[in-house]
Amino acid sequence: MTTRCDLSPVWAELQAHFAASGRGFDIRDAFQGDAGRFDALSFEAPEVFADLSKNRIDAPTLALLLKLAADCGLEARRDALLRGDPVNHTEGRAVLHTALRAPAGSSAPFNTEVQAALDAMLTFAESVRRGERGPITDVVHIGIGGSDLGPAMVVQALQAFGRRDLKLHFVSNVDGHDLAPVLAGLDAKHTLFVIASKTFTTQETLANAQAAKSWFVAAGGTDVARHFVATSSNTAAAAAFGIDTAFGFWDWVGGRYSLWSVIGLPIAIAVGAGNFRDLLAGAHAMDQHFASTPLAKNLPVLLGLIDIWYRNFHGFTSRSVAAYHQGLRRLPAYLQQLEMESNGKGVDLDGHALPLATSPVVWGEAGTNGQHAYFQMLHQGTDVIPVEFIAVKRPNHGASGELADRLADQHRKLLANCLAQSQALMQGKTAAEALTEKAPTASATLDREVLARHRSFPGNRPSTTLVLDALTPRSLGALIALYEHRVFVTGALWGINSFDQWGVELGKALCNQLLPRLDSGDTSGLDGSTAGLLKRLLAA
């Protein structure tokens, strides 16, 4: 059915290349020997500039990786995805998140239906913003997984484009400690709830929705239909709940790709229809880049190929994302689901066990916070962890006067930190260099050479830096689409289905079996650990 990358003859060429020069590649030496390295390894895509020069790659490495992509038919697989072929073969579905952001009148599949759903959702969002459903001051979005992570991340990132008199809240965890503090500060008469569940059966979402409805009625709310709406295709279940306004979507909209659909309703309410369309336009621009740019200049392809190089040849097990913009602080969590749920698979499309590693662990924190938490490990730890820096050239603080001047100065500090961290990861510091420096906080009794070894850094630690001119709806849309296509590239080369998520099903099924046991206390037939833990939790 497919050609996995490790089955291509180019794979053996890459293994030989890695053994000969890749394993010992030193980024510092590469810069020393090539004054044009930055220019050669910098790439432009819509709204995103990428510096790949601090990676352990060179022209011969990229040439072989591109040869691998061509030999494995990456372009044909990409075209099948964009065309609407059922590339999610285990569920017999197309995967058409790109169709959700194609402009009206385009040749994208389902364009007429997509535009009708988009127009209806945006019309409703504007009616809320105009106060046509009463004076709404707070919107509570209840969902989980992609139905929560995408909208929550985008609303936070685009806070500068929102309204101060309209607050968005996101509740996902079935743990009541998520919902209770949100409800505690709300007025039922001025609150709108958005329940996001394609099937309107998601356990965590429905539990929170029922709790929110109970609170609403107890707080004096009298019109559930006016204060609760759904983004769901199960209009019958939504109606049984008391909802008469539901926006449906299609089975080819996967959860982690759903923010572009009616699941994006809270985004549209927060930033308005025009900004939501700009978000779609930015993503569409990146789609066009991915669809038509030659592989050697195609940024999602290049990032995906470097991921293959690091995961399968260097053996790097994780990647850290450091976004130097507070608005992007939830981006690492969003990318965790996008990549790890998509490519955390152990069998290929034919169901054969994979002999190679797939998804790395993706994690991170906003800069500069991460510098004071885990960057110690990145610089001096025993594992090499590639880092992805995201810098935003121009801030949008919305301040004026002296405060604006101070915040502009802080933005320069932020950018300096971003550049310094990638520079330090690459350059490192030798013990000999450390010997020439004074360390004011060091013990005066410690041997100087021992101290120098503590203060040395190995360097040669790879990083990528992505630069946005500004964080806007359009640039954010392009950035998210860039990551989506990158994940597709690695999944396609590994020969896996990036669009199912069977790994979450077993836990759900066992949860449903265990739930009645928490009432009955019955532990018969359980393994010893689960039985023991259940008894412990039920003990008086």
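**Strand pairing and helix packing**

Strands E1 and E2 form a hairpin, with two residues between them. Glu-47 lies in the turn and has a positive phi of about 70°. The model is predicted. E1 spans residues 42–45 and E2 spans residues 48–51. The two strands pair in the antiparallel sense, over four bridges. Phe-43 has Ala-50 of E2 as its bridge partner.

E2 also pairs with strand E10, which covers residues 463–470. This pairing is antiparallel and rests on three bridges.

An open sheet is built from four strands in the order E4-E3-E5-E6. The pairing in this sheet is parallel. Strand E4 (167–171) and strand E6 (228–231) stand at the edges. Each has a single partner strand, so one side of each is left without a neighbour in the sheet. On average, neighbouring strands are turned by 20° against each other, direction ignored.

E5, residues 191–196, runs parallel to E6 and is joined to E6 by four bridges. Within this pair, Val-194 has Val-229 of E6 as its bridge partner. Two helices that pack on the sheet are H8 and H9. Helix H8 (residues 146–157) touches strand E3 (138–142), E4 and E5. The direction of H8 makes about 150° with that of E4. Helix H9 (residues 176–184) likewise touches E3, E4 and E5. For H9, the angle with the direction of E4 is about 160°.

A helix pair was examined next. The axes of helix H14 (residues 273–292) and helix H21 (residues 473–494) come within 7 Å. They cross at roughly 40°. H14 is therefore oblique to H21. The crossing of H14 past H21 is right-handed. On the H14 side, the contact is made by Asn-275, Asp-278, Leu-279, Ala-281, Gly-282, Ala-283, Ala-285, Met-286, Asp-287 and Phe-290. H21 contributes Pro-473, Arg-474, Leu-476, Gly-477, Ala-478, Ala-481, Leu-482, His-485, Phe-488 and Val-489. By class, the contact between H14 and H21 has 13 nonpolar, four polar and three charged residues.

Technical notes: Residues numbered from 1 in each chain as written. Predicted model: local features only at pLDDT ≥ 70, side-chain atom pairs only at ≥ 80, totals over all residues. Heavy atoms only, no water. Axes fitted to C-alpha atoms, helices over the stretch in contact; angles between N-to-C directions. Parallel < 35°, antiparallel > 145°, perpendicular 65-115°, else oblique. Left-handed = near helix turned anticlockwise from the far one by under 90°. Contact = heavy atoms within 4.5 Å. Nonpolar A, V, L, I, M, F, W, Y, C, P; charged D, E, K, R; others polar. Pairing = 2+ DSSP bridges.
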